[in-house]
Amino acid sequence: MESESSSRRARWGSGGAVFGATAYILWGSFPAFFGLLEFTNPVEILVERILWTLVVVLIILLLAGRIRELFEIDRRTWQLAAVAAVAIAINWGVYVYGVTSGHVVECALGYFINPLVTVLFGVVLFRERLAWPQWVALALGVLAVLVLTVDYGRPPVIALVLACSFATYGLVKKVIRLDPLRSVAAEGLVSAPFALIAVVVLGVTGHAAFGHGLGHSALLVAAGPVTLIPLLLFALAASRTPLSTMGLLQYLTPALQMAWGVLVGHEPMPASRWAGFGLIWLALVVFTADALRRRRTKVPAR
């Protein structure tokens, strides 16, 4: 019985890793998709993405007979959904701006430093105590940001906003009592009124691309399922895959985005920029190795 149970867990774990890898690879390919939307402005891309993601998730809930569950959400959960909606809207908006303005490498930097920002949030907000390897990782991360600030001639604002907004989103997702579908739906419902107002304003002022050409409109509509599919795959993976595996898989996304920026976008990478990224990667090696060591020590002997 025990060997059968272990075999079943191994199969689930393997499937979860596939779901997780697929989600992170899809996220890593976002520069290719959002680069196709350069025909319009980042504001329209953001609001259309919000609305069409909401449409898709509501259709799924309706087909699953779960639409009534949205009416069961309590007030505090709606408040948390509002915070998550603001954080992810900032993240999406800045990301789209970064991709469409030729700053894909800086976007990738944001997702490389995101785990370090999450740890920093834990120290500042929850008074968490860190072990010395975690302090070393944070120190290396700060040094990397300083090096990149000198390299860019400015702070890497896009990267920092992406890292902080996604870390905030992640913190809310840890405490909100909703499954992934209802959570995305709640966030979309909170954002929808503002997105609809923006759509109307863009249309009245003549800055909307939606409705002006089938191809352009189809690409904007596609932003909904393109956004939702990796979110659902991630949710499937999170419940089936060890945290250590997910922690390693998450670096697929920024690695692929960086490769796109350098190899396809031909963004400049002087030696000083490579030095900054090298410090970030060293910090992540220290951070991940410590996390894996801690996880092994928590596993009880069999």
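At what angle do helix α3 and helix α8 pack, and how far apart are their axes? In this predicted model, α3, which spans residues 42-63, and α8, residues 180-204, pack at about 140 degrees, and their axes lie 8 Å apart. That angle makes α3 oblique to α8, since only angles over 145 degrees count as roughly antiparallel. The crossing of α3 past α8 is left-handed.

Let me turn to the residues involved. On the α3 side, the contact includes Val43, Val47, Ile50, Leu54, Val57 and Leu61. On the α8 side, the partners include Leu181, Val184, Gly188, Ala192, Ala195 and Leu202. By class, the residues of this contact comprise 19 nonpolar, 3 polar and 2 charged. Glu44 and Glu48 are among the α3 residues that meet α8.

I now come to the cysteines. The disulfide count is 0. Cys107 is in no disulfide, and its nearest cysteine sulfur, in Cys164, is 14 Å away.

Finally, a word on Leu248. This residue belongs to helix α10, residues 243-249, and is partly exposed, with a relative accessible area of 45%. Leu248 and Tyr152 are 96 residues apart along the chain, and 28 Å separates their C-alpha atoms.

Technical notes. Residues numbered from 1 in each chain as written. Predicted model: local features only at pLDDT ≥ 70, side-chain atom pairs only at ≥ 80, totals over all residues. Heavy atoms only, no water. Axes fitted to C-alpha atoms, helices over the stretch in contact; angles between N-to-C directions. Helix = DSSP H or I, 4+ residues; strand = E, 2+ residues; numbered from the N terminus. Parallel < 35°, antiparallel > 145°, perpendicular 65-115°, else oblique. Left-handed = near helix turned anticlockwise from the far one by under 90°. Contact = heavy atoms within 4.5 Å. Nonpolar A, V, L, I, M, F, W, Y, C, P; charged D, E, K, R; others polar. Buried < 20%, exposed > 50% of the residue type's maximum accessible area, 1.4 Å probe, protein only. Disulfide = S-S within 2.5 Å.
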